[in-house]
Amino acid sequence: MKLALPEWFKGVILPLAFGLILFGPGWSAAKTPDNELVVGSPSAIETMDPAQHMSIGSFKGENFVFNNIVGYAKESAKVVPELAESWTMSPDGKVITFKLRRGVKFQDGTPFNAAAVKFNWDRMLKANLSPAGKYKTYADENSVEVVDDYTVRFRQTDPTPVVLDYFAGGAKFYFNSPTYVQQYMKSDDPLALKWMATHACGTGPYELAEWEPDSKYVFKKFAGYWGGTPEVKPAPKFERITYKIVKDPSALRMMLEKGDIDVAEKLPADAIDQLSKTPGVKVKMADIWKMVFLIMNCQKAPFDNVKVRQAVSYAINYDELIKHVEKGRAKRLSGTMMEGFPGYDPNLFKYNLDLDKAKQLMKEAGLENGFKTTLLYSADRYMGFELMSVMIQSYLKKIGIDVSLQKMAWPTQVETMKKGAFEMALQTWTANYPDPVEQTFFFFHPETFGLRWNWSYWKNDRATTLIDGLMKEFDNGKRVAMIKEIQKLGVDNAVYGYFYQVPHAIAMRDNVEDVWFHPGVDWIPSPAYKKK
Amino acid sequence: MPAFLLKRILLLIPSLIGVTVMVFVISHVVPADPVGIALGPEATQEQINAMREAWGLNQPLYVQYGIFLRNLVQGNLGYSLVSKRAVTEELGYYFPATFELTTASMILSILLGIFIGIVSAVYRNRLFDHLTRTYCVFGISMPVFWLGLLLLLLFYVKLGWLPGGGRIADGIQVERISGFLILDSLLTGNWEALGSALLHLVLPAFCLSSSFLATISRIARSSVLQVIREDYVRTARAKGVPEFLVMSKHVLRNSILPVITISGILYGQLLGGAVLTETIFSWPGMGRYVVRSILHLDFEPILGFTVLVAILYALANLMVDLLYSVVNPQIRLE
């Protein structure tokens, strides 16, 4: 059939259509108000209640609204005063006496004091959720004592030398106004958990103004903010911060390029690459305590043989993984102690690609013909695993290991690993405070097998003894020596495939300045401002 | 009619029981522990046990199901393990967004689909028919997430004609009465909000409707083609009835039944949420909500969602049956 287009269509409509598309309005960069910061992120804020937060995602909203008893200075791991002006520690490290800052008010106008600290501590422990679990390792319901209106004593049941890091980054110690919380305590909800999940009344630079779950959270400047310090949550410069949930990374990127948002979080590595060359946009790279690694089940044949684990470690092309998965922006891991942690040793032995050695080790293990195995991974745990799993499959094929990939939803993968019903798995781990105990206890101690996320199932008496000692050792020199020995044992035995420490990239409009991003994956928005 | 309606409502009960039993069993036998996930790695066994007890998760499955049914009868769908909010409250928040998006896309699909179907049938094998046939292949095979991104790239980024996501522009406040933004804007006379809500609906509704439009237009076309060849249509034309009346009174009325059937099925399906479209356009709908619940194995939202969708699906099918009798009075409802 002959397709005959009318002349008027050819002469007018077609050129008009093409013209409009090619030369039309084009990039009409919208502009967010100067006094407002609009952040786009794919991660929703699950809860605002420090007694209930389940994941690092929850910290985002809390960081805007609360202050901590002690904090980290800017983007460092140095613990500095925040709501506690000063503190003293007993010689055995068991008791810390905090002197609280005076003149600080909650967002409902009531004063912050020692009674508020005690109230929040008691509530958190009674709620007995994730935050309580973190603290129960070192403390109990009697740990917090009110000495006077502005003095609080914290008594550890099992002292840890990193208790201040625990407050600053690990579990955090945030405070809601007792007066505010108490009005929502009811007989069917004696701790006001339901109300406080989506409401807050802290002392921080911003107040929660709007909560649209999984869509938008708006924080407005708290006029009565005590001002912070130059190192910790200084006085806010924006009147409002709007936190928008944009799940799709391409849509998020488009909104940033268009100027409808000022900051975009959690963009994939290839988007970051392109945005770093986009006019009007800049990228801030922040070191964070996040690592990507391979778990090998050390109690399941053939991975119970150290030679097999070492062979796998020598078969991986780490540089290629970093190049393709992270676009070159990651650093090789030195054991499980990341850069910034006490005991971090950049010179610790690292496995590098050496196929001959890998094949030799397979031969020594009696497996020169290879074997079949399965690699579990979850793309909802980490986007990069989709590509990484395929790359690992191809590397191990070269030494005769036939890997089947098994993609799972994260909860299912966790359950499978808890039962030990797996051989290999990809995992990420993010630390929000530099605790060498966590980086050893949760990786190498048999007490954390299964339930508590140590899925290597590797048992070594010397490592166990060292870790037990590390938990009680306050002498820094001795601690570092112990950490190094534990790390060496972990690496020599190829307990994990130690891949890399992944940086965090935040893309933002080029007029946004002074965004702080702490390595514990904390976004500190209050010092940020927009250049005029 | 009342007897028919009562019968259909009563038939819903065993359907709901069947669906909820199935979903309940499947979600509880999946090898994953939502409590362990919720509490994180530092959780002790004591805490996990305490939370299981508090949420009734340590009871036998049949007891848990019984409690769920008892609560369901009282209108209580339980609480989300993740957000700690009542499931009814959460569904009340997410459902209006899905309803607006779904209804807009179905209206677009049905109106345009019928129009395209009729014109394609009348002018079959002409240019219009070829163009629409090409569109139908494109509409059915194009992945919705890809189409969504292309639409954003063109209409949002390049042309700047339409917004890039969300339900309404930032800064526009609407008093929440029903949760349906368009309705609430009309009820409060907030024309700025109405305009913004409609504008935000354009791209996601078009994206979601693309494959349904293709399906409906093809079904409409073949149905019209079949009817247009009937004797009574030829007779009507021979008697000098105006073509418009021939098409509207005789052809459309008799060819629309398959369109109504497929529309009912698609509508019921869509009311369960369209996670890909919602993701691309940052639309806070039920699709995203249920995916989040599934990934966290949050049982009560999953069950609550299932109950709601089962009811909506049944209502959509009931609506189809009622429309049959309206369009064709010869069809008796029994």
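Which residue in E17(A) is the bridge partner of A:Leu376? It's A:Ala425, and here's the picture around that pair.

## About the model

This is a predicted model, where local features need pLDDT of at least 70, side-chain atom pairs count only at pLDDT 80 or more, and totals for chains, interfaces and linings use all residues. Residues are numbered from 1 along each chain as its sequence is written, while chains are lettered from A and ligands numbered from 1 in the order in which they are written.

## The sheet in chain A

Chain A has an open, mixed sheet of 6 strands, in the order E14-E18-E13-E17-E15-E16. Its edge strands, pairing on one side only, are E14 (331-332) and E16 (401-407). Strands (E, at least two residues) and helices (H or I, at least four) are DSSP runs, numbered from the N terminus. Two strands pair if DSSP finds at least two bridges between them.

## Strand E15 and its partners

On one side, E15 (371-377) of chain A runs parallel to E17 (424-430) of chain A, joined by 2 bridges. Besides the pair we opened with, A:Leu375 has A:Met424 as its bridge partner in E17(A).

E15(A) also runs parallel to E16(A), with 7 bridges; there, A:Thr374 partners A:Ser404.

## Where chain A meets chain B

The contact takes 48 residues from chain A and 44 from chain B, counting residues whose C-beta atoms, placed from the backbone, lie within 7 Å. On the chain A side, H14(A) gives the most, with 6 residues.

How values were computed: Contact = placed C-beta atoms within 7 Å.
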